[in-house]
Amino acid sequence: MKKEYILVLDYGSQYNQLIVRRIRELGVYAKLVHHNVDVEILKDDALLKGIILSGGPNSVYEEDAFTIDTAIFDLNVPILGICYGMQLICQKLGGEVIPGTVKEFGKTAIEVNTNSTLFKGTNEHQITWMSHTDKVIKIPDSYVKVAHSKNTEFVGIEDKDNKIFGIQFHPEVTHTEYGMRILQNFIDECKIKDTWKMENVVDELINNIREEVQGDRVLCALSGGVDSSVVAYLLAKAIGSNLTCVFVDHGLLRKNEAKQVIELFKSLNVEFILAEEQELFFKKLRGVCDPERKRKIIGATFIEVFDKISSGLDNIKFLAQGTIYADVIESGTKTAQTIKSHHNVGGLPANLQFKLIEPIRDLFKDEVRNLGRVLGMPEHIVNRQPFPGPGLAIRVLNDVTAEKVSLLQDVDEIVRNEIEKKDDKFNAWQYFAVLTGAKSVGVIGDMRNYGEVVAIRAVSSIDGMSADFCRIDYDALAHMATRIINEVPGVARVVYDITSKPPGTIEWE
Ligand code: XMP
């Protein structure tokens with residue numbers, strides 16, 4: 001992205017991605033890189049307008065603590081140190097940091113000087129989110145104190161002349177009352193002219209694609225998920241008739257989803273190849289009960305089909321992938337926490353002879369959804385909840401058949417409809433049905449009903465790493481259960497899964 005930007009150096013805080021997102025929410029481009037960045041490269045970067053040193057779990061005085069190349073302080077751009085970042089500034093520029101005895105954690109009241117650069121426009125008394133044990137006991141000579149708390153003398157510091165600032169709390173966390181204003185105050189110091197707004201970003205993304213592919217053909221594999229759909233849509237706008245989309249329908253998507261993908265892309269002016277391979281997938285899955293084997297079979301079959309299709313296509317130079325910023329950060333900044341990586345059915349063979357093009361690699365998931373909206377994609381596609389690559393095969397316990405998948409699709413549709421009727425969706429991040437494989441006796445009218453046990457799963461989560469089951473009210477659950485038993489023949493009983501993650505996982509297999 002060729003835009004003026006703020007660079008966030010990653011010192012390992014769990015909030016580091018959030019800093020980047022908040023800056024972007026304020027209309028400025030920001031990116032996260034490993035703290036060990038090469039300062040020589042930064043020196044020549046005219047687009048770099050400010051630097052933020054993130055928080056981190058270390059202590060600055062530990063032997064192999066993450067450090068900073070002090071040449072960064074001479075780059076002549078405003079710098080903001082957050083928590084560990086502030087301690088690093090103090091340690092390196094002549095202040096002193098000591099191990100604290102009490103951990104200051106959670107909501108913390110502070111007193112600030114509202115005439116200072118960072119705190120102008122805020123309140124003298126305010127609530128912040130803290131998470132630190134070490135504290136600064138002496139600040140470097142050119143600095144002044146601009147905030148303190150009951151337990152910590154230096155909660156905010158600034159060197160106005162050199163535009164270097166430090167805060168001991170996390171402005172990026174919503175619990176910090178004036179967090180966005182404080183970040184805005186820092187951004188103002190950076191004097192950035194370019195804006196980060198999806199409406200403007202679209203044009204740049206489209207131009208970048210055109211520049212990169214230079215009239216060659218691009219192949220895009222659609223999985224039915226948000227990322228690959230947005231990539232294909234963007235490519236369609238950028239290069240239209242030079243795009244070939246491939247959609248492998250393995251029969252394991254939710255009800256109507258394959259149809260929606262097909263309709264959406266058939267309406268665009270692009271070559272669309274639909275591989276109807278449901279039978280092949282069900283044949284390969286026949287009798288397979290082990291979850292890991294199911295995943296491997298689906299992945300391998302997808303590659304087999306994709307290979308077959310792409311080998312018949314001439315003139316393709318590029319392969320488009322829906323890599324997003326979270327994936328880039330994962331592999332790029334070794335400091336960030338590793339999020340469980342899954343085999344994705346959209347994952348393509350490494351030996352394909354194409355150049356890769358990753359048009360949305362700078363965007364967060366919510367920005368990808370926004371991009372889809374700006375491009376005019378239907379809400380039911382951009383707003384899709386996360387869905388596992390192996391699809392419903394890992395929600396049909398034991399062996400998978402077309403009949404079982406069809407029954408599950410019907411149940412799942414009711415669950416989704418009912419949850420989506422509620423404005424807050426019970427705060428559910430993911431919600432679906434599972435065919436448990438158990439059978440149970442029930443009664444419908446006067447008739448014995450021996451049928452499937454289905455489970456409803458609804459969880460709140462941020463990234464799928466941990467999750468809590470949603471506290472759906474009993475009336476809503478009862479309504480779902482009644483609808484499921486009445487409307488889906490073959491189901492005898494409905495249960496609600498109240499396992500959180502850990503110790504459970506979100507998916508059942
Ligand atoms: P678990 O079940 O591990 O799932 O708690 C965490 C998140 O990852 C999704 N998931 C997958 N996504 N390929 C994917 O692309 C997979 O094989 C896969 N398995 C689980 C799951 O839906 C949840 O959002």
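**Ground rules.** I number residues from 1 along each chain as its sequence is written, and I work with heavy atoms for side-chain values, leaving out hydrogens and water. Because the model is predicted, I take local features only at pLDDT of at least 70 and side-chain atom pairs only at pLDDT 80 or more, while totals for chains, interfaces and linings use all residues.

**Domains.** I looked up the domain assignment, whose bounds come from an automatic or database source, and it gives domain 1 (5–190), domain 2 (198–382) and domain 3 (395–496). The C-alpha centres of domain 1 and domain 2 lie 38 Å apart.

**Contact and area.** Counting contact as heavy atoms within 4.5 Å, I find 15 residues of domain 1 touching 12 residues of domain 2. For buried area I use the accessible area (1.4 Å probe) that two parts lose on being put together, summed over both; here that comes to about 1,100 Å², with carbon and sulfur atoms giving 52%. On the domain 1 side, Gln17, Arg24 and His34 lose the most area to domain 2, together 45% of what that side buries.

**Charged pairs.** I then checked salt bridges (a side-chain nitrogen of Lys or Arg within 4 Å of a carboxyl oxygen of Asp or Glu), and the count between domain 1 and domain 2 is two. Arg24 is also listed here, since I noted a salt bridge between the side chains of Glu367 and Arg24, at 2.6 Å from N to O.
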